[in-house]
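Trainee: I'm new to reading charged contacts in a structure. Could you walk me through them?

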Amino acid sequence: MPTIKETLLTEQELVTIAERFENSSPQQVLKWADDRFGKRLALMSSFGLEDVALVDMLWRINPDSRIMTLDTLRLPTETYTLIDRIRARYGIDIEAFTPDMQATADMVGTHGYNLFFKTIDNRKLCCGIRKVEPLNRSLSSLDAWVTGLRRDQGMARGGTQIVEWDDGHLNYKINPLANWSFEQVREYVDQHKVPYNELHDQGFPSIGCAPCTRAVEAGEDLRAGRWWWEDDPSAKECGLHEVEQATI
Ligand code: SF4
């Protein structure tokens with residue numbers, strides 16, 4: 001039995017749209033999504049390079065578009081500085097979702113502030129409380145969310161569709177940059193003078209929470225700096241995107 005949200009697009013429409021958008025620009029995809037979902041659409045931004053490009057694109061299409069972020073309370077100072085710069089540059093509100101404070105206090109009380117370094121289970125617990133639960137809360141007011149996923153980011157992201165049904169969150173997932181390269185994103189950001197995280201210029205292609213992100217060396221996987229102390233590359237997801245296909 002399909003959910004109400006699934007009935008917004010038939011399965012056949014979804015396949016047709018995903019195929020058609022393979023040859024469309026990200027802006028065409030975003031325009032379609034804005035027209036189709038209106039205020040029930042939001043860009044979920046972690047303010048990486050892909051996300052700031054999408055903020056700029058979406059703002060040019062509709063300055064009242066919704067932009068959301070997950071503030072884990074462990075982000076680098078540079079990311080908070082960037083969020084302030086984006087707000088000022090575009091004159092937009094950013095809806096920030098923070099972790100449940102009681103759950104966070106209980107976790108820290110039991111396992112310590114830097115529990116994630118001890119075991120993968122602890123790391124997943126922390127991501128669950130600081131990211132996954134706030135994401136679920138944020139998505140409950142939406143029918144569709146926009147992400148900056150790209151297929152060549154590795155891990156399970158190779159199968160990302162430009163428009164897909166997100167069974168884990170019962171929402172449509174719009175990935176306008178799925179077939180873009182990192183260089184294309186960089187070019188867009190440079191061309192449009194989009195504010196970006198200064199950590200990108202210090203060897204951080206992918207930026208998450210401060211303690212869990214390090215710079216990468218030339219030739220290393222773009223996400224090698226995330227949870228850098230863990231050996232298993234297949235475990236390097238925080239649960240935000242892994243429900244349906246195996247990606248903030
Ligand atoms: Fe916790 Fe690190 Fe996950 Fe951030 S990335 S939620 S600090 S484990």
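Mentor: A salt bridge here means a side-chain nitrogen of Lys or Arg within 4 Å of a carboxyl oxygen of Asp or Glu. The general idea is that side chains of opposite charge can pair when their charged atoms come close. Keep in mind that this is a predicted model.

Trainee: How many salt bridges does a search of the whole structure find?

Mentor: The search turns up 13 salt bridges. Take Glu22 and Arg151: their closest N and O atoms are 2.6 Å apart. This pair links distant parts of the chain, 129 residues apart. Glu22 sits in the loop between H1 and H2, and Arg151 in the loop between strand S4 and strand S5.

Trainee: Which helices does the pair Arg36 and Glu13 link?

Mentor: Arg36 belongs to helix H2 and Glu13 to helix H1, 23 residues apart. The closest N and O atoms of their salt bridge are 3.9 Å apart.

Trainee: What separates Lys31 and Asp35 in helix H2?

Mentor: About one helical turn, because they are four residues apart in that helix. Their side chains meet in a salt bridge at 2.8 Å, N to O. Lys31 counts as partly exposed, at 41%, while Asp35 is exposed, at 51%.

Trainee: Which residues are linked in a network of salt bridges?

Mentor: Look at Glu50, Arg150 and Asp152, which are joined in such a network.

Notes:
Residues numbered from 1 in each chain as written. Predicted model: local features only at pLDDT ≥ 70, side-chain atom pairs only at ≥ 80, totals over all residues. Heavy atoms only, no water. Helix = DSSP H or I, 4+ residues; strand = E, 2+ residues; numbered from the N terminus. Buried < 20%, exposed > 50% of the residue type's maximum accessible area, 1.4 Å probe, protein only.
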